[in-house]
Amino acid sequence: MATDYGTDVACVADFSGEFREVSGQRLIAEALARRLITPRGMDLDDPDYGTDLRAHVGLEYTARNAARLVSDAQAECAKDERVEAAVVSVESWTMATRSLALQIDVTTIVGESFRLTVAVSSVNVELLTP
């Protein structure tokens, strides 16, 4: 049986207008995606919240840039109190379209695991799974 993390209105970058509720893995996935599009310092209640991955999409793909992106994303995901570990890997990084995709293997504090796929462009972050 899945752990009850509560419910919230579905929202990554903006409300869908449907006011659909999410729970479980989807709730955590959306919370992590919001962390990954919020520039550090924008949350006045938590100035250490966020790392805006959109800042990476215009960079040349190098081992150093990829390592920095992975490190930033993993560190930010680990700040969520429901997350025990988050292992991030770069699925694609395309300079021509200024986009990238990440896979994030999340393990919750109660041992549940799921894979989150996030597509990032210079203007948008889209949650592809779960």
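Which loop does Arg98 lie in? Arg98 lies in the loop that links strand S3 (83–94) and strand S4 (99–108); strands are DSSP runs of E with at least two residues, helices are runs of H or I with at least four, and both are numbered from the N terminus. The model is predicted, so to speak plainly: local features need pLDDT of at least 70, side-chain atom pairs count only at pLDDT 80 or more, and totals for chains, interfaces and linings use all residues. Residues are numbered from 1 along each chain as its sequence is written, and side-chain values use heavy atoms, leaving out hydrogens and water.

**The sheet**
- Four strands make an open, antiparallel sheet in the order S3-S4-S5-S6; two strands pair if DSSP finds at least two bridges between them.
- S3 and S6 are the edge strands, each pairing on one side only.
- Ten bridges join S3 to S4, and Ala86 stands opposite Val106 in S4.

**The hairpin**
- S5 (residues 113–121) and S6 (residues 125–129) are joined by four bridges.
- A hairpin of three residues connects S5 to S6, and Val120 stands opposite Val125 in S6.

**A closer look at Arg98**
- Arg98 is not a glycine, yet its phi is positive, at about 50°.
- Arg98 counts as partly exposed because its relative accessibility is 41%; buried means under 20% relative accessible area, exposed over 50%, and partly exposed lies in between (1.4 Å probe, protein chains only).
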